[in-house]
Amino acid sequence: MAKSLRSKWKRKMRAEKRKKNAPKELSRLKSILKVDTDVLMKDVQEIATVVVPQSCQMTEGAVEDEIKDDMKMETEIKRNKKTLLDQHGQYPIWMSQRQRKKLKAKREKKKGRSKAKAAKGLAW
């Protein structure tokens, strides 16, 4: 697939745009890294790697505590598997508005059905 004239043209134009914007992106990356000299991409990759200085290294106990804190952060969000709502009544980020609307309508319908049955049983 993706062999139509339109898609070929789009790919060609995207490639040209990348070529045109490459110097701007490199200069932006350098400014972010606060590099003033002209550096090749290999040098930028070496600068961008994370190296922990020896003076700032944590003790083993502190590292274990940090790992435990990270585990707590992962389990903080409690989500209902049926409705996909979290403890604050929010849907996941990836869910579209249409899906949210369907689930909400389903919940509302279920609420209305239980009330209607109760009212129907009372009426003679």
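L84 sits in the loop between helix 3 and helix 4 (97–122). Helices here are DSSP runs of H or I with at least four residues, strands are runs of E with at least two, and both are numbered from the N terminus. The model is predicted, so local features need pLDDT of at least 70 and side-chain atom pairs count only at pLDDT 80 or more, while totals for chains, interfaces and linings use all residues. Residues are numbered from 1 along each chain as its sequence is written, and side-chain values use heavy atoms, with hydrogens and water left out.

Stay with L84. Its phi is near 65°, a positive value in a residue other than glycine. Most residues other than glycine have a negative phi. L84 is partly exposed, at 23% relative accessible area. Buried means under 20%, exposed over 50%, and partly exposed in between, for a 1.4 Å probe and protein chains only.

Q87 lies in the loop between helix 3 and helix 4 as well. Q87 is partly exposed too, at 44% relative accessibility.

Now the whole chain. The protein chain has four helices and zero strands. From the N terminus, the order is α-α-α-α. Buried residues make up 9% of the 124 residues.

The mean pLDDT (the predictor's confidence in each residue, from 0 to 100) is 74, and 55% of residues reach 70 or more.

Helix 1 deserves a look. A kink of about 45° lies at N21, shortly before the proline P23. The bend is the angle between axes fitted to the seven residues ending at a residue and the seven starting there. The end C-alpha atoms of helix 1 are 41 Å apart, which agrees with the 42 Å that its 29 residues should span at 1.5 Å a residue. The expected span is 1.5 Å times one less than the number of residues.

Last, the largest pocket. Its space is about 210 Å³. On a 1 Å grid over the protein atoms alone, a pocket is an open set of points where a 1.4 Å probe fits, with protein on both sides within 12 Å along at least five of seven lines; lining residues have an atom within 4 Å of a point. The volume is the space filled by probe spheres set on the points. The lining residues include K82, T83, L103 and R113.
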